[in-house]
Structure formats: structure tokens, C-alpha cells
Amino acid sequence: MSQESVIKLQIATKEKIGKFNSLRAREVQPGEFWDVVAVTAADESQRAAYELQVRQKVDRKELPLGPHYKVFCDPPGPKIGNGGSTLYALQQLNDIYGKALERLRVLLIHAGGFSQRLPSASALGKIFTAVPLGDPLYQMLELKLASYVDFPSRMRPGVLVTCADDVELYSTGGDESVRFDQPGFTALAHPSSLSVGTTHGVFVLDSDEKSGDSEVETVSCLRFLHKPSIAEMRGSGAVRDSRRGCLSLSDTEFVYTDSTYYVDFGTAKSLLGLLEELGPLDCEVDAYGDFLQALGPRATVDYASNTANVAKEEGGLVDVRQKIFHLLKGTPLSVVLLNNSKFYHIGTTSEYLFHLARDGALRTELGLLPSAFSVDANESSGRCVMHSVLDPACSVGAGSVVEYSRLGAGASVGAGSVVSGCWVRAGLSVPAGVLAHSLCVTRGRHAAFVTAIFGIEDDLKRAVEAPSGLAELKLCGVSLPACLSRWGLSEGELRFSGDAPGCSLWNACLFPVCSDQRSSFSLSLEMLQAALSGSAFTVPQGTALVSMRECLKWKNLEEMLKFRGGLYEDITRSKRDNQSS
């Protein structure tokens with residue numbers, strides 16, 4: 001990307017953030033902001049967690065006042081995907097607002113799921129992941145609202161659909177702007193390399209329509225491809241030549257990939273009718289692949305039977321896709337080409353570390369800080385500290401993130417690690433390349449604490465058959481049998497929670513339950529250090545070991561947020577003292 005393009009992104013992003021900051025804690029006027037901001041959740045427990053956090057944000061005046069903030073959860077039963085969540089959210093919006101819905105501008109953010117690839121966000125949600133920006137500190141929710149702050153005044157009533165774990169940055173030149181005033185679907189599109197196109201949705205545009213000569217253009221789309229091969233992109237005419245126009249990509253060829261899309265109210269009503277026709281869903285529907293592939297004059301029903309890109313093939317999916325296709329066939333798909341834009345995904349621990357603490361691109365474009373809303377004497381670049389209290393004598397390694405934590409004197413965090421929600425005693429050393437996350441749980445009637453520690457590259461989703469495949473599971477690079485041996489436990493003593501047939505790091509009961517937060521961190525760290533060094537360690541007699549899965553089932557949100565509240569008070573007091581001195 002050229003320096004000129006980067007500067008344009010920086011200026012445009014700074015303007016959007018400034019505009020959103022001016023709306024925080026203020027009653028917004030009709031048409032000035034979203035009428036409804038709706039967040040989806042996987043189940044009732046997650047819905048309650050999200051509602052509690054949104055309510056606290058509103059009470060602290062961290063959000064614009066006046067819009068309706070709603071959280072909708074999926075129905076109990078099988079997973080229904082973000083497409084199913086979209087349909088059920090529309091149904092619940094219709095139940096609440098009735099005919100008034102046709103006058104509203106709705107932002108729908110998909111935030112369901114348990115974030116197994118970024119476990120520090122599992123308990124409180126991806127949409128509430130901290131971002132080193134703003135005062136009060138931004139979370140992904142605020143960043144989303146800031147990114148889209150110009151949209152409500154330039155869109156007809158309808159719904160903008162987006163996800164909680166990505167960031168879109170874009171600039172518009174001169175008098176250009178992003179508008180959502182076309183019938184049907186209107187999608188944002190970003191110039192991307194062909195390799196990126198293989199993992200995203202790709203738009204096939206009419207070659208006769210002009211594109212690439214301005215920063216923002218709205219064109220019609222012939223067809224949408226879902227995670228196509230490079231051969232499919234070429235064969236369908238999706239590949240463009242970047243040597244003409246003002247595109248910021250250095251590649252000579254590129255494709256336009258998807259991120260967020262708008263549905264006008266009339267089309268949203270059609271989707272409500274689809275849910276009535278389908279009845280209770282028993283398969284995962286993709287809000288992108290399954291909806292957008294039905295659109296455009298070159299769309300065919302062939303995609304309905306192609307399950308190559310589906311994580312879990314389910315019996316009813318083909319039938320559901322066919323019904324979606326026949327319902328949406330002929331619906332227009334417009335595409336807003338954001339020719340100077342960047343799309344970032346922050347849904348995994350590696351991506352989180354890379355963008356917040358290692359790579360300079362997003363930090364430069366967004367104006368991210370090395371230390372945000374923290375007591376941190378050493379605000380050096382190359383690491384990231386958020387909403388935390390650090391003793392002046394502690395150290396945080398390069399490429400690491402510390403959030404919502406306390407670090408005592410002489411404590412250290414190794415390079416490339418994440419410390420989240422932890423109370424680290426003086427003198428303790430967190431190894432490089434690990435994620436440590438403390439949670440409060442309720443067992444019986446009592447609050448207790450668990451600190452889960454994983455390797456940054458650990459695959460928490462990978463499942464094996466026990467006991468034969470146990471050695472294939474590795475915690476921080478050490479096989480589970482080796483870990484158990486060093487902790488004085490036999491393989492037969494290892495418990496896996498839940499009724500799922502496979503055994504994984506997610507449901508392996510590896511983490512000790514303690515009565516206080518500091519002891520929880522210290523004990524889990526001792527166990528990890530023994531596993532890594534090969535030394536023997538005996539788990540204290542009577543100590544219960546639980547899994548990350550169980551922690552989410554028993555999570556005590558009030559206590560976790562109370563800990564954050566204590567940090568908030570200490571940080572605010574420190575800032576006030578510094579200003580008065």
C-alpha cells in the first residue's frame with residue numbers, strides 16, 4: 001500500500017473515531033445514529049453476559065444515548081450458524097417493533113460462539129475484546145460503531161449485517177460516500193490478493209462497468225463466489241487488473257472480497273418469510289455463503305449441493321440452501337467498491353497478538369496505543385497494555401498483550417504472550433508464547449478462581465479418541481501424557497468434561513480451582529513450568545481440576561467485572577493524582 005493511501009486511511013479513520021467520540025454519552029438525534037444496535041449470542045447464558053456488559057456501558061455513558069441496544073440469542077438445540085442467527089434476530093426485531101421496524105436503521109453484529117481460537121474472549125465475548133484506543137477504553141463494540149458512524153445517515157431503513165471479530169478501514173475521496181440506498185442486498189467489497197480470495201467471499205462484477213478510478217464506487221454484481229479456488233476466480237471473470245485506476249494494492253491482479261452487507265427492509269421481510277417456511281433450523285446456515293450465493297443474474301442453485309467449504313456437513317443443509325436460493329433468486333446485489341480499504345480479522349490469538357503488538361500496519365492506521373487506560377510506567381512500543389495496573393518494577397516482553405490485569409513488583413511476561421484478567425504476584429515469570437486467562441466460577445454457592453494457560457499455537461478444537469490418541473494433544477508443545485506424568489497424575493485420572501465423543505484441550509480438565517485469584521494464577525503457572533521443564537510437581541491434595549468448557553458453564557460474570565471495576569478505580573485515581581501533581 002502506498003504512503004499516500006495509508007495517510008488517507010489514517011485521516012479518514014481519525015475523523016470517524018472523532019465523530020463517534022463526540023456522540024458518546026450524548027443523546028443522539030433521529031437519523032444521526034443507529035436506531036437499534038443488536039448483538040447476537042449463542043445461548044441464554046451468553047445473552048445474559050452481553051446484556052450485563054452493554055447495560056454497564058450505557059450506565060457509564062460510554063455509548064451514544066438514545067438507540068435501543070438489544071441482545072438476541074439463538075434458540076436451544078443444534079447450532080444454526082450466523083445465517084440462522086440473522087433470521088432469528090429479524091424475527092425478534094419484528095416481534096418487538098412490528099410495523100415500526102420498516103422505518104428503522106438496524107446494525108446487527110454477530111457475536112455468538114465460544115471463541116475457542118481466542119479463549120481470553122470466551123467468557124465475556126469477542127465483541128467486548130479490548131482495543132488500545134480511547135478514553136474510556138474502546139472494545140470491539142465501540143470500534144465497530146466508530147467504523148460505521150457515517151452509515152446511518154446515508155442508508156434507507158434496513159439492516160447492516162457484520163461480525164464481531166473483524167475491522168474494516170476505508171477512505172472516501174472528495175464528495176464520495178458509502179450509501180445504502182439500493183433495493184435488495186448491498187455489500188462492501190475490498191481489493192484483495194487472489195490468495196486472500198480463496199478464504200473469503202469473492203464478487204464477480206460486470207466487466208463493462210467502470211471500476212477502480214475512484215475510492216468509492218457502487219456497481220452491480222453478477223455472482224458471488226464463496227471461498228473459490230484461483231481457477232474458479234479466473235474462470236468466472238472475478239480477477240481484475242490493478243494496473244489501472246487508483247487501487248492501493250501492489251499486486252498486478254486482484255479480486256474484490258466481502259466483509260459487511262446491508263439488506264433493505266423489503267428483502268428483510270422476505271427473509272422473515274423464509275424462517276416461517278423452514279421452521280426450526282437443524283443445520284448451520286452461513287449469512288454470507290448461503291445468502292449471497294443466491295444473488296445476482298448469474299447465480300445458480302448448484303452451490304446448494306457443494307459442501308466442500310462446510311466445517312460440518314449436515315443432512316438438512318442442501319434442502320435449506322435450495323429454499324434460500326428460490327426465495328432470493330432475482331434479488332439485486334449491489335457492491336460498494338472500497339478501493340482504498342483494509343480488512344483485518346482478529347478472531348484468533350495469533351491474529352490478536354500480531355495486529356495489536358507486533359505489526360505496525362493496523363496500529364498506524366487506527367492510531368492504537370502501546371499503553372491504553374493503564375497504570376504503566378514503561379509505555380514502550382512493541383507491546384500492548386490495556387486497562388491494567390503494572391508495578392513500575394515489572395516487565396512485559398516484545399509482542400505481548402496484557403489486558404485487565406495486575407502485575408506485581410518484579411513480575412515479567414515473556415515475548416509473544418497474552419495475560420488476560422490475571423493477578424500476577426510479585427516476582428513471577430510468565431513464559432514466552434503462552435496465553436494465561438483467569439476466570440471466576442461459581443461452584444456450589446461459592447465463588448472460586450481458575451487460570452487457564454495454553455500455548456499461543458495450541459489447537460483447542462482438535463479432538464482425538466482417548467486414551468489411544470491422548471499423546472497427539474499438546475499443551476504448550478508438551479504432550480498431555482507427559483504433562484500428567486510431571487504432575488504426578490495418571491492418564492486414567494484425566495477427566496474430559498461434557499458428553500462430546502472426542503477429547504480436546506477445550507474439554508480436558510487441566511486447570512486447578514482456587515479460592516482466590518492470585519493463588520489461581522500462581523498454581524496454574526507452577527504446573528505449566530513443571531510441564532515445560534520436565535520437573536516433578538504434585539498437585540495439592542483435594543484440588544479440583546476443571547476444563548475451559550466447564551469454566552464457561554460456571555462463569556461468575558459479576559465477580560469478573562467487579563475485578564475490572566477495581567482496576568478502573570485505581571487507574572482513574574492514578575490519572576487524577578498525576579494531573580493534580
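Let's start with Arg 117, which counts as partly exposed because its relative accessibility is 47%; partly exposed lies between buried (under 20% relative accessible area) and exposed (over 50%), using a 1.4 Å probe and protein chains only. Keep in mind that this is a predicted model, where local features need pLDDT of at least 70, side-chain atom pairs count only at pLDDT 80 or more, and totals for chains, interfaces and linings use all residues. Residues are numbered from 1 along each chain as its sequence is written, and side-chain values use heavy atoms, leaving out hydrogens and water.

Where does Arg 117 sit? You'll find Arg 117 in the loop between strand S3 (105-110) and strand S4 (130-131); strands here are DSSP runs of E, at least two residues, numbered from the N terminus. On the surface, Arg 117 gathers with Lys 79, Lys 227 and Lys 461 in a patch of positive charge. Patch residues have over 30% relative accessible area and no salt bridge, with like charges joined within 9 Å. A salt bridge would be a side-chain nitrogen of Lys or Arg within 4 Å of a carboxyl oxygen of Asp or Glu.

Now hop over to an open sheet of three strands, in the order S17-S20-S23, with parallel pairing. Its edge strands, S17 (389-390) and S23 (423-424), each pair on one side only. Strands pair if DSSP finds at least two bridges between them, and two bridges join S17 to S20 (residues 406-407). In S20, Arg 406 is the bridge partner of Val 389.

Last stop: Val 434, in strand S25 (residues 434-443). Val 434 counts as buried because its relative accessibility is 2%.

Key
Patch = residues over 30% accessible without salt bridge, like charges linked within 9 Å, V, L, I, M, F, W, Y side chains within 5 Å. Areas by Shrake-Rupley, 256 points an atom, 1.4 Å probe, with all protein chains shown as cover. Lys, Arg positive; Asp, Glu negative; His and termini not counted. Charge placed at Lys NZ, Arg CZ, Asp CG, Glu CD. Helix = DSSP H or I, 4+ residues; strand = E, 2+ residues; numbered from the N terminus.
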